[in-house]
Amino acid sequence: MKDITEVAKIYEVSTRTIRYYEELGLLQPDRTEGNKRIYSKAEMVKLRLIFRGKRYGFTLDEIKEMILLFDKDRTGRKQLERTIKFGHEKLDQVEAKIQELTDMKAEMEQLLVGFTDKLNDIEGERGNE
């Protein structure tokens, strides 16, 4: 069990970030008699899932849905099914972004070739003056 300050240091985030996740219902830490938040191993696993999900571009609502599914179905089956669905959707988005960037790169390369040719033409005309 770790307190919020320890957890924040482990994940290199502010305590405010962790409290925000609690406000959203992503985390449910235990409380001491003094009302101090204490994070169990299960809550630490949830935090790892939250940060992994964010790194892969999932929204907090999507992450919350996946976490809540595990709380409802301890076999993990529903969570895995939903995670796979979200994963395929995210992968499609990544593929579309890669294609968009590839197209942009090709267009920029064409423009640079055209600009370079134009500059060479201008410099060639100067040499003929």
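Contact, throughout this tour, means heavy atoms within 4.5 Å. The model is a predicted one, in which local features need pLDDT of at least 70 and side-chain atom pairs count only at pLDDT 80 or more, while totals for chains, interfaces and linings use all residues. Residues are numbered from 1 along each chain as its sequence is written, and side-chain values use heavy atoms, with hydrogens and water left out.

Begin with Leu 24, which is placed in the loop between H2 and strand E2 (30-31); helices (H or I, at least four residues) and strands (E, at least two) are DSSP runs, numbered from the N terminus. Leaving aside residues up to four places away in sequence, Leu 24 touches Leu 60 and Lys 64. If you also select Asp 61, 37 residues apart from Leu 24 along the chain, you will find the two C-alpha atoms separated by 8.8 Å. Leu 24 counts as partly exposed, at 28% relative accessibility, where buried means under 20% relative accessible area, exposed over 50%, and partly exposed in between (1.4 Å probe, protein chains only).

Next, select helix H1 (residues 4-11) together with helix H3 (residues 41-55), which pack at an angle of about 35° with their axes 12 Å apart. Axes here are lines fitted to C-alpha atoms, for helices over the stretch in contact, and angles run from 0 to 180 degrees between N-to-C directions. The crossing of H1 and H3 is right-handed; a crossing is right-handed if the near helix is turned clockwise from the far one by less than a right angle, and left-handed if anticlockwise. On the H1 side, show Val 7, Ile 10 and Tyr 11, which meet Met 44, Leu 47, Arg 48 and Phe 51 in H3. The residues of this contact divide into six nonpolar, no polar and one charged, with Ala, Val, Leu, Ile, Met, Phe, Trp, Tyr, Cys and Pro counted as nonpolar, Asp, Glu, Lys and Arg as charged, and the others, Gly among them, as polar.

Rings of Phe, Tyr and Trp (its six-membered ring) pair if their centres lie within 6.5 Å, and planes under 30 degrees apart count as stacked, over 60 as edge-to-face and the rest as tilted. The count by this rule comes to four aromatic pairs. Tyr 21 and Phe 51 form an edge-to-face pair, 5.9 Å centre to centre and with 65° between the planes. Tyr 21 lies in helix H2 (residues 15-23) and Phe 51 in helix H3, so this pair ties together parts that are 30 residues apart in sequence. Tyr 21 is buried, with a relative accessible area of 3%, and Phe 51 counts as buried at 19% relative accessibility.

Now move to H3 and H4, which pack at an angle of about 145° with their axes 10 Å apart. Here Lys 46, Ile 50, Gly 53 and Lys 54 in H3 meet Leu 60, Ile 63, Ile 67 and Asp 71 in H4, a set that divides into four nonpolar, one polar and three charged.

Finish with Tyr 56, in the loop between H3 and helix H4 (60-72), which counts as partly exposed at 48% relative accessibility. Arg 55 lies over the face of Tyr 56, at 5.0 Å from the ring centre; a charge sits over a ring if NZ of Lys or CZ of Arg is within 6 Å of the ring centre and within 35 degrees of the ring normal.
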